[in-house]
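Please brief me on this protein model.

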Amino acid sequence: MSNAEPTTSPASVLPTRPGKIVAVHLSYASRADQRGRRPAHPSYFFKPSSSLAPSGAEIERPHGTELLAFEGEIALVIGAPARRVGVDDAWAHVSAVTAANDFGLYDLRANDKGSNVRSKGGDGYTPIGPALLDARAIDPASLRLRTWVNGEIVQDDTTAGLIFPLAQIVADLSQHFTLETGDVILTGTPAGSSVVVPGDRVEVQVDAGAASTGRLVTTVVQGAHAFDGSIGSLPAVDDHQRAEAWGSREAAGLPAETHGGLTSALREKLERTPVAGLSGQLRKRGLDNVTIDGVRPMHPGTKIVGTARTLRFLPNREDLFASRGGGYNAQKRAFDAVEEGEIIVIEARGETGSGTLGDVLALRAQARGAAGIITDGGVRDYDAVAEIGIPVFSAGAHPAVLGRKHVPWEHDVAVGCGGTTVEPGDILVGDSDGVIVIPPGLVEEVVDAALAQEDEDAWVAAQVKAGHPVDGLFPMNAEWRSRYEAERTGR
């Protein structure tokens, strides 16, 4: 809003001032995938009715802040009280649909700790309108939502992309409290929400076939008033909030986030690539001795991805164990040093007659954020380690303590584990087929090739399932290759 008296009356659009405005945190699949988390159930927060504004209003970005973000949304207006209604009956309690913009100030988000009271409750932070669509005349599963910033479309999705249908949201809320006539529900935003700055013009529109709300227009202006730190908490931002507000680290101009030396995007690719596919691509590049043999996942179906943090044991010799095995030895130092996203790789020479870790060290690795542990030796306290839940690939269980077969010697050096050499920083991927070691310089090339091969193999499998013979299809001859390429490119 400008410095003039705020215009928060909804009289031009809504039939009455709502008693409450309820907003959904995450509801569109595109937004959830962008955030990297898909909720199993909808969750909500409240906005004050004083945050309402009509189309054509201005919204202030407060002095001293930087992360004012828009969220184009579909708003539902409750027409008849709803209390404990079912999904099949919920839509009958909605009288109208309109466009809304759920503005938020990410500079205050961390201080709100999820309530969004200050970050989304400011005057003018809920523009709504400009026209209502009769809910009885539209299909709630076929609404289109679009948002423009300075004339460029930035959000375009439909209610077919919702994780939670609109009727489910109404029914769910009615389980907890009465939705009263005039209440407004903001139903979440799709991917594309981002930061706006003074001078930007944001427009939101909802369409139901030929019917439309028209464009809800809001202009961002610079506020003149700063927050008073002597009264309450001051705005504060960090790179996490910048990435959330802009929609991604890239959009915010931040370097790619890494976990154990892997960017989030690369880790995601590796997590959906089978080890067998990676092995095939490494073999094509002349690398055959890159599997850690003789280890199995403690939990069936485990997938492990990370970079190597190494620990080396030598064969036990009593005098050496006396000098190297006690105190703050190499084993303890390795588990204290492991970083988030790293995998502790233990060289035990394939000797399974002793444990190489137990529940206390597994807990330490988990607390440090390790992506897992790989040992070609044994694991003590096997059931307790399994209960901790950190991914572990090992040669099996053994009750003996470390000094029976091993001397903890050194860490962060090249080791031999399961018959292959692992250097610190190597990329490790494990699944039910085993564990593979990928040189860091090849990982992008190998994972992209493996994923492309997975798509090709899936297509071949579909042809075989349809009744085609394998000869000429697997591997593909020129004719089958031509058919595959034509379908892949949509020709």
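The briefing below goes topic by topic.

This is a predicted model: local features need pLDDT of at least 70, side-chain atom pairs count only at pLDDT 80 or more, and totals for chains, interfaces and linings use all residues. Residues are numbered from 1 along each chain as its sequence is written, and side-chain values use heavy atoms, with hydrogens and water left out.

**Sheets**

- Helices (H or I, at least four residues) and strands (E, at least two) are DSSP runs, numbered from the N terminus.
- Two strands pair if DSSP finds at least two bridges between them.
- An open sheet of 7 strands runs in the order β2-β1-β12-β6-β7-β9-β3, with mixed pairing.
- At its edges stand β2 (44–47) and β3 (52–53); each has a single partner strand, so one side of each lacks a neighbour in the sheet.
- β1 (residues 21–24) and β12 (residues 184–186) run parallel, joined by 3 bridges.
- Here Ile-21 stands opposite Val-184, and Val-22 has Ile-185 as its bridge partner.
- β1 and β2 run antiparallel, joined by 4 bridges.
- In that pair, Ala-23 has Phe-45 of β2 as its bridge partner.
- β1 is covered on both faces: Ile-21 and Ala-23 are buried on one side, Val-22 and Val-24 on the other.
- Buried means under 20% relative accessible area, exposed over 50%, and partly exposed in between (1.4 Å probe, protein chains only).
- Another open sheet has 3 strands in the order β8-β5-β13, paired antiparallel.
- Its edge strands, β8 (104–105) and β13 (195–196), each pair on one side only.
- β5 (residues 68–69) meets β13 over 2 bridges, with Leu-68 opposite Val-196.

**Helix α10**

- α10 spans residues 359–367, and its Leu-361, Ala-362 and Ala-365 are buried.
- These buried residues fall within an arc of 105° seen down the axis, so they line one face of the helix.
- The arc is that of the directions from the helix axis to the C-beta atoms.
- Val-360 and Ala-367 are exposed on the face turned away from the buried side.
- Cover for the buried residues includes α9 (330–337), β22 (342–347), β23 (372–375) and α11 (382–388), where contact means heavy atoms within 4.5 Å.
- Gly-369 follows α10 and has a positive phi, near 85°.

**Salt bridges**

- A salt bridge is a side-chain nitrogen of Lys or Arg within 4 Å of a carboxyl oxygen of Asp or Glu.
- The count by this rule is 28 salt bridges.
- Glu-342 pairs with Arg-309, the closest N and O atoms being 3.1 Å apart.
- That pair links strand β22 with strand β21 (residues 304–315), 33 residues apart, and both Glu-342 and Arg-309 are buried.
- Glu-410 and Arg-312 form a salt bridge at 2.9 Å, N to O.
- Glu-410 lies in β25 (residues 406–411) and Arg-312 in β21, so the pair ties together parts 98 residues apart in sequence.
- Glu-410 is partly exposed at 26% relative accessibility, and Arg-312 is partly exposed at 25%.
- Arg-481 and Glu-456 meet at 2.8 Å, N to O.
- Arg-481 sits in α13 and Glu-456 in α12, 25 residues apart.
- Arg-481 is partly exposed at 30%, whereas Glu-456 is buried at 14%.
- A network of salt bridges links Arg-31, Lys-47, Glu-71, Asp-102 and Lys-120.

**Surface patch**

- Val-464, Val-470 and Phe-474 form a nonpolar surface patch with about 260 Å² of accessible area together.
- Patches are made of residues with over 30% relative accessible area and no salt bridge: like charges are joined within 9 Å, nonpolar side chains (Val, Leu, Ile, Met, Phe, Trp, Tyr) within 5 Å.
- Accessible areas come from the Shrake-Rupley method with a 1.4 Å probe; for residues, only the protein chains shown count as cover.
- Val-470 lies in the loop between α12 (443–465) and α13 (478–489), and is partly exposed at 42% relative accessible area.
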